Amino acid sequence: MDKAFIAKRTQEKLVATEAAIDAALIETTQLLADLLQARSDLGAPVAFADDVQVKLTEAVAALSSARTTMGQVHSGLEEAALRLGIRHRMVGPYRKSAFDLFLADEQRNVA
């Protein structure tokens with residue numbers, strides 16, 4: 001199997017994983033906001049469901065840490081790709097969903 005193909009497949013999985021963490025972080029922070037708003041709307045005391053708020057805050061911190069760690073994984077894999085001789089392709093505005101990090105052999109040799 002071509003190393004550029006293998007690297008591209010890995011890069012696609014990495015980007016999908018990063019997007020999943022971002023989505024989970026968004027959902028969790030929205031849930032926390034909804035929980036706080038619900039407490040306020042119900043006129044419940046500040047201590048009401050405080051243990052749940054603490055757990056959600058811990059989940060947000062854990063997801064944030066996972067996001068940072070995945071950024072480090074991304075950097076490490078970029079360095080590994082360079083060591084394998086696989087170069088980046090940066091064309092147009094950068095959008096992760098449409099970002100094609102690795103070129104096929106026939107695209108690499110186009111002048």
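Entry 1: I started at Met-1, which sits in the segment before helix 1 (3-42). Helices here are DSSP runs of H or I with at least four residues, strands are E runs of at least two, and both are numbered from the N terminus. The model is predicted: local features need pLDDT of at least 70, side-chain atom pairs count only at pLDDT 80 or more, and totals for chains, interfaces and linings use all residues. Residues are numbered from 1 along each chain as its sequence is written, and side-chain values use heavy atoms, with hydrogens and water left out.

I looked up the cover on Met-1 and found 74% relative accessibility, so Met-1 counts as exposed. The classes are buried under 20% relative accessible area, exposed over 50%, and partly exposed in between (1.4 Å probe, protein chains only). Met-1, Phe-5 and Ile-6 make a nonpolar surface patch of about 330 Å². A patch takes residues with over 30% relative accessible area and no salt bridge; nonpolar side chains (Val, Leu, Ile, Met, Phe, Trp, Tyr) are joined within 5 Å, like charges within 9 Å.

**Entry 2: the whole protein.** I noted 3 helices and 0 strands, in the order α-α-α from the N terminus. Of the 111 residues, 21% are buried. The accessible surface is about 7,800 Å², and 60% of that belongs to carbon and sulfur atoms. Areas come from the Shrake-Rupley method with a 1.4 Å probe; for residues, only the protein chains shown count as cover.

**Entry 3: salt bridges.** I used the rule of a side-chain nitrogen of Lys or Arg within 4 Å of a carboxyl oxygen of Asp or Glu. The count by this rule is 3 salt bridges.

Lys-8 and Glu-12 pair at 3.7 Å, N to O. They are 4 residues apart in helix 1, so about one helical turn separates them. Glu-12 is partly exposed at 43%, and Lys-8 is partly exposed at 29%.

Asp-22 and Arg-67 pair with their closest N and O atoms 2.5 Å apart. This pair links distant parts of the chain, with Asp-22 in helix 1 and Arg-67 in helix 2, 45 residues apart. I logged Asp-22 as partly exposed at 24% and Arg-67 as partly exposed at 46%.

Lys-55 and Glu-58 pair at 3.7 Å, N to O. Both lie in helix 2, 3 residues apart, about one turn of the helix. Lys-55 is exposed at 57%, whereas Glu-58 is partly exposed at 45%.

**Entry 4: a backbone check.** I found Ala-49 in the loop between helix 1 and helix 2 (50-83). Its phi is near 55 degrees, a positive value in a residue other than glycine. Ala-49 is partly exposed at 25% relative accessibility.
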